[in-house]
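Dear colleague,

Please find below the structure that I am handing over to you. My notes on what was found in it follow directly after.

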Amino acid sequence: MPGQTTESPNLQTVPSSTGLDAHRLPTQRHLTGSLLFLLAGLAALGTLSTNIILPAFPDMGSALGVSTNDLGATLSSFFVAFAVGQLFVGPLSDRFGRKWLVLGGLVVFLAGSALCALATSLPWLVVGRVVQALGVCAASVLSRAIARDLFEGEALAKTLALIMVAMAAAPGFSPLLGGALNSVVGWRGAFMLVGALGLVLAAHYIISTGETHPADRRAAVSMAAIVKGYVQLLLDPLFIVPAVSVSFVVGGLYGFFATAPAILMDGLGFSSLGLGMFFATTVFVVFAAGLLAPRLAHRWGQKPMATAGIVIALAGGTLLLASPQTVTMFSLSLTVFLFGMGMVNPLGTAITLQPFGHQAGTASALLGFLQMGSAALTISIASTFDVTAYTALGLVLAGCTALSLIVFAAGFRQRHSTAP
């Protein structure tokens, strides 16, 4: 029947070397620009809808009669709802497929964006942000699950790397876009824009991709089964070692997002436009690392190159911690850290998800939860240090990347030493 070819990819029988997944796996598709736009858009929509409103905080506070600090509730509430929502979306998608959860999530996100755009008080704005997060968490989780449905091995690593490269534009350029929108149409325009983007992604998904998790690969779901699935992943070194390692590095990245305004504007005298430009330049560092990572992994292997990425990120964090607070040293340190992060994020994610094609939604959800949990914890820790924001960020980046390296190296060394 017409349209059925978009509902599930062609299938081929692939024997399982582990005995865990004897299901049929999808024939790998060619990664087109259209598919990359969809996956990157789904993955980046949550970050975009957060960073785009940051330059408008003063005007939002004036309109709602609250302080800028009070508006921090719109961030914390979003991250909490986003993290928790992922834990339910992943297993449900493994049972019922990706399509209706992606589309339903985008509809919920649109409703939340409308609530935010129409909010006349802080409580209603927070409610809108929670609804946004509950909707967009499905898009973020399932972008990785869809990639795992369609690709594996080096192709998966390359796809995730390109997704991460495209995602880097969201936190990098969204403050500039949000500032421009705020100047032209006001802060409510940012919520209308991200809602419209959600509609575009929904239409594009229906037309170009459709269901990627066929019925014969789905598993029954119950609360007991969900809990059991998460416990199994948490206890499986194949998952938890790379997942925790990547989450520590991502936590450092969010620590940078949280402290950069204080460092650059209060400490180094940047204007709001200068802050936006600085964020924008970080895109090109992550872009270069993301393009290089799969090529290096093809030659040297994913795990060695992921380890190299962690070491590079650790060097950047250590340099920042040991350096004086100057524009030059801050820029150099962050460039090194972001380059390492840009390598380890896609490679570590591919290593994490590769063995779990039979439960890609659950694995992706737990990975996302760990990353958002690490981000929230990192931001909280950075704010408790009785030091300057510059030193706090140095401590966070050096600490997170050191822990990441310890977990990654020790975890895989233990697996190799116990292998028959």
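Helices (H or I, at least four residues) and strands (E, at least two) are taken here as DSSP runs, numbered from the N terminus. On that basis, the chain contains 14 helices and two strands. The model is a predicted one, in which local features need pLDDT of at least 70 and side-chain atom pairs count only at pLDDT 80 or more, while totals for chains, interfaces and linings use all residues. Residues are numbered from 1 along each chain as its sequence is written, and side-chain values use heavy atoms, with hydrogens and water left out.

The chain as a whole

Of the 420 residues in the chain, 51% are buried; buried means under 20% relative accessible area, exposed over 50%, and partly exposed in between, with a 1.4 Å probe and protein chains only. A contact requires heavy atoms within 4.5 Å. Among the contacts in the chain with a separation of 6 or more, 83% join residues 24 or more positions apart.

Helix 4 and its partners

Helix 4 (residues 99-118) packs with helix 1 (residues 33-51) at an angle of about 15 degrees, the axes being 12 Å apart. For these values, axes are lines fitted to C-alpha atoms, for helices over the stretch in contact, and angles run from 0 to 180 degrees between N-to-C directions. Helix 1 and helix 4 are therefore roughly parallel; angles under 35 degrees count as roughly parallel, over 145 as roughly antiparallel, 65 to 115 as roughly perpendicular and the rest as oblique. Their crossing is left-handed, a term used if the near helix is turned anticlockwise from the far one by less than a right angle, with right-handed used if clockwise. On the helix 1 side, Leu42, Leu45 and Ser49 meet Val102, Leu106 and Phe109 of helix 4. The residues of this contact comprise five nonpolar, one polar and no charged. In that classification, Ala, Val, Leu, Ile, Met, Phe, Trp, Tyr, Cys and Pro count as nonpolar, Asp, Glu, Lys and Arg as charged, and the others, Gly among them, as polar.

Helix 4 also meets helix 7: their axes come within 8 Å and cross at roughly 165 degrees. That makes helix 4 roughly antiparallel to helix 7, and the crossing is again described as left-handed. Residues making this contact include Leu106, Phe109 and Ser113 of helix 4 and Phe191, Val194 and Gly195 of helix 7. By class, the contact has 16 nonpolar, three polar and two charged residues.

Two residues of helix 4 may be viewed individually. Ser113, which lies in helix 4, counts as buried at 2% relative accessibility. Leaving aside residues up to four places away in sequence, Ser113 touches Gln132, Phe191, Val194 and Gly195. Val108 is also placed in helix 4, but is partly exposed, with a relative accessible area of 34%. With the same exclusion of residues up to four places away, Val108 touches Val131, Leu134 and Gly135. Val108 and Ala133 are 25 residues apart in sequence, and their C-alpha atoms are 8.9 Å apart in space.

Helix 5 with helix 7

Helix 5 and helix 7 pack at an angle of about 30 degrees, with axes 13 Å apart, and helix 5 passes helix 7 in a left-handed crossing. Leu125, Arg129, Gln132 and Ile146 in helix 5 meet Phe191, Val194 and Tyr205 in helix 7. This contact has five nonpolar, one polar and one charged residues.

Helix 2

In helix 2 (residues 57-64), the buried residues are Phe57, Met60, Gly61 and Leu64. Seen down the helix axis, they fall within an arc of 100 degrees, so they line one face of helix 2; the arc is that of the directions from the helix axis to the C-beta atoms. Their cover includes helix 3 (73-96), helix 5 (122-150) and helix 7 (188-208). Gly65 follows helix 2 and has a positive phi, near 70 degrees.

Thr362

Thr362 is found in helix 13 (residues 360-384) and counts as buried at 7% relative accessibility. Thr362 and Leu87 are 275 residues apart along the chain, yet their C-alpha atoms are separated by 7.4 Å. Beyond residues up to four places away in sequence, Thr362 touches Gly90, Pro91, Asp94, Tyr230 and Leu233.

With kind regards
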